[in-house]
Structure formats: structure tokens, C-alpha cells
Amino acid sequence: MSTSFAYLTRMSSPIGRLEITSDGQAITSLSIERGGHLPLEEHPERSTAVLDLAVQQLTEYFAGDRENFEVPVNPTGTEFQRAVWQRLSELEYGQFLSYGELGAEIGRPGSGRAIGGAVGANPIPILIGCHRVLASNGKITGYSGGEGVPTKLWLLTHEGIMLAA
């Protein structure tokens, strides 16, 4: 993750500490604690209005009081990655789709591996709901945030998404 950011804040959550960065206008990254560490933990916090809004909305989400985020995001990535993330941002609370469906919807059918790579590279998980992408059989195949699959399972369960056994 790039360390070029203007603002940084941290918050606790049921899935571990979150570290959120901003350029002052939008959220640019969200990291979930892994193994007790955050990627920018050596940097001091410096908040701004958009970070305060993100913390408020994430707190409401984890409390079960918010289903949709209304905070601006500005993820950095390739045109392909941004297309994947844009479609993910349109998924509503409790909705999910498969990697194959996602590829077909953005005009890249049969590119499951590339879709999986773009989903895994999402720099703003939760706010951009990459946890809502499952294998075609409804199973969890992985998650790059936090502690991996247990973190994704918590998020899916929180949103009432039923999984294949």
C-alpha cells in the first residue's frame, strides 16, 4: 500500500482495528487488522471531515443500523480494477454475486482469475463490498482483508447472506 496520504484515522470494530486514509475529499484506503498489525501503524492519526464521516457510518454498519454507505471513495487502480470496484460499489447490503457473474456484468466473461485479482486488490473493503463476491457454488474462496476467510464470513453473516454448506 502506498504511504502517500494526507489523513489517517483508526477505529475498533468487531473484525479488528480498521485503518482508514483519505486525500481530504474521499476515502482512499481501508485496512483491516491482520495478526495484530495495521500497515501504517507507525504513522500518527490526522483526521478530517470525510474520515469522521466514514468512522460514523462504519460504526453504524457494525451496530446493524446502516446498510448503505454515503461516503465518497477514490480507489486507485487500473481501468479494469476500477470497473470491477464500481460494480461492487453498486451491490446492496445483503446482495452477492459470483466472480463469473461479475465478469459477465462488466463485459469480461471468462476472466475469473483477473476478476478475482481485482476483487482482492480492492483498497477500500467494506465500503466497496468485495466481501459480497462468492464462488459460483456459493462458497467462500478467500478474502484479502483482515484474517481472511473468517473476516469475510463475519461480514457475510452480519449482512444475512446465507452460504452454501
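These legends describe close-up views of a predicted model.

**View 1. The buried face of helix α5.** Helix α5 spans residues 149-158, and its buried residues are Thr151, Lys152, Leu155 and Leu156. Seen down the axis of α5, these buried residues fall within an arc of 130 degrees, so they line one face of the helix. An α-helix has 3.6 residues a turn, so residues three or four places apart point the same way.

View 2. Several elements cover the buried residues of α5, including the strands β3 (27-32) and β5 (133-134). The helices α1 (49-62) and α3 (99-105) are also part of this cover. On the face of α5 turned away from its buried side are the exposed residues Pro150 and Thr157.

**View 3. The salt bridge between Arg10 and Glu19.** Side chains of opposite charge can pair when their charged atoms come close. Arg10 and Glu19 form a salt bridge in which the closest N and O atoms are 3.0 Å apart. Glu19 counts as buried because its relative accessibility is 0%, and the cut-off for buried is under 20%.

**View 4. The salt bridge between Glu60 and Arg66.** The closest N and O atoms of Glu60 and Arg66 are 2.7 Å apart, and the two residues form a salt bridge. Glu60 is partly exposed, with 22% relative accessible area. Arg66 has a relative accessible area of 15% and is therefore buried.

**View 5. The salt bridge between Glu105 and Arg87.** A salt bridge joins the side chains of Glu105 and Arg87, with an N to O distance of 2.3 Å. Glu105 lies in helix α3 and Arg87 in helix α2 (residues 79-90), so the pair ties together parts that are 18 residues apart in sequence. Glu105 has a relative accessibility of 45% and so counts as partly exposed. Arg87, at 19% relative accessibility, counts as buried.

**View 6. The salt-bridge network of Arg17, Glu33 and Glu41.** Salt bridges link Arg17, Glu33 and Glu41 in a network. The count of salt bridges in the model comes to 7.

Conventions:
Residues are numbered from 1 along each chain as its sequence is written. This is a predicted model: local features need pLDDT of at least 70, side-chain atom pairs count only at pLDDT 80 or more; totals for chains, interfaces and linings use all residues. Side-chain values use heavy atoms; hydrogens and water are left out. Buried means under 20% relative accessible area, exposed over 50%, partly exposed in between (1.4 Å probe, protein chains only). Helices (H or I, at least four residues) and strands (E, at least two) are DSSP runs, numbered from the N terminus. The arc is that of the directions from the helix axis to the C-beta atoms. Contact means heavy atoms within 4.5 Å. A salt bridge is a side-chain nitrogen of Lys or Arg within 4 Å of a carboxyl oxygen of Asp or Glu.
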